[in-house]
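Open the model in your viewer and get ready to select residues by number. Each stop below says what to pick and what is there.

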Amino acid sequence: MTVVLTTWTLLLLPVVVLAAALFWGAPIIALVSELAAAVSKRPLPLRLAQQQSRLALVVHPAVWAGMGAILWAAMPGIGPRFQEDMLPWTTIILAAAGSCLTMAWALTWNLARQRRGLHIVLGCAANMCLKYGYWGGILLVSGAIPEAIPWALASLWPVAALFGASCCGPLYLVLRRNADDWGRDYYRYSAQVLGRWVAGTAVLLAAGMAWVVLAYHKTANLFLPPLFFPAVAAAGLLACCALMGLVLARAEHPMRHKLVMVALWAAGLGAIVLLALAVAEGASHYVPGWNILTPVPSILERLGG
């Protein structure tokens, strides 16, 4: 599979990464918050779950529209697979079911107060269908087979998506502060919880990057400049995000740190974009069948003089 990322398309990469991270990560944060509400019997986690599910719905139609356009463009190459195996059909059916279940789950929070168990089951089913549809679509369009997937690299994405969604959460709190106005206690609680999510997922993502280094350092030259420098820059931004997340988590009045929330969103998005570029360069050099041409080599050449 050959993909060309020009300098202009590189400008769209943050938008694509942001939408994909929210699509993948925000529903999981919402489901975990709903489970926390069921265990603690407190209303604040339930409100956080409601807001995070709404955040996922903001990008939900756009992500499926984009994936549908990619699927339509790739249809001449993958059309015969609809007659050969069940992956295309199960992917489409479960993706559509996941969309419907997610919408029902995100729009029926009154049910969560009356029949909490049923609503949690609905959220679990929505997340499972969405994740299967997402990965099924990736396998279908790319033509990859599970045996050939570099799982150490692929495992970075779920953690990166949770990290990206948690970085967007505090900024979304600020943007919805006047519209929702759920009380000072809620905003203190949610900002602190999302700060913990940021710090925790940043550490997990850094650990995943270390695992990739240990898994591939004998078979790949990880010091190639187009791969090495974006990865190091991403690691530096992850450290900054972890520190800012701890600032929010430990602050007595976290909503006063609006500049930290904006910086957290920008740094988190930058970290995921740089990590995606590093993975693209690594896949192009060492994964058979993948050829992703990015402008990173030319940018590094210009910066080097």
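Start with glutamine 50. Leaving aside residues up to four places away in sequence, glutamine 50 touches Trp109, Arg113 and Trp182; contact means heavy atoms within 4.5 Å. Glutamine 50 sits in helix α2 (residues 43-73). Helices (H or I, at least four residues) are DSSP runs, numbered from the N terminus. Glutamine 50 has 18% relative accessibility, so it counts as buried. Buried means under 20% relative accessible area, exposed over 50%, and partly exposed in between, with a 1.4 Å probe and protein chains only.

A word on the model: it is predicted, so local features need pLDDT of at least 70 and side-chain atom pairs count only at pLDDT 80 or more, while totals for chains, interfaces and linings use all residues. Residues are numbered from 1 along each chain as its sequence is written, and side-chain values use heavy atoms, with hydrogens and water left out.

Next, the rings. Rings of Phe, Tyr and Trp (its six-membered ring) pair if their centres lie within 6.5 Å; planes under 30 degrees apart are stacked, over 60 edge-to-face, and the rest tilted. How many aromatic pairs does this rule give? The count is 5.

Select tyrosine 186 and tyrosine 187. Their ring centres are 5.0 Å apart and their planes stand at 75 degrees, so this pair is edge-to-face. Are these two tyrosines buried or exposed? Tyrosine 186 is buried, at 0% relative accessibility. Tyrosine 187 is buried too, at 1%.

Ring pairs link Trp182, Tyr186 and Tyr187 into a cluster. Now show arginine 177. It lies over the face of tyrosine 187, 4.3 Å from the ring centre. For a charge to sit over a ring, NZ of Lys or CZ of Arg must be within 6 Å of the ring centre and within 35 degrees of the ring normal.

Last stop: the second largest pocket. On a 1 Å grid over the protein atoms alone, a pocket is an open set of points where a 1.4 Å probe fits, with protein on both sides within 12 Å along at least five of seven lines; lining residues have an atom within 4 Å of a point. Select Leu153, Val212, Val213, Leu222 and Leu227, which lie nearest the centre of this pocket among its 24 lining residues. Then colour α11 (184-216), α12 (225-250) and α13 (258-286), the elements that each give two or more residues to the lining. Which one gives the most? It is α13, with 6 residues.
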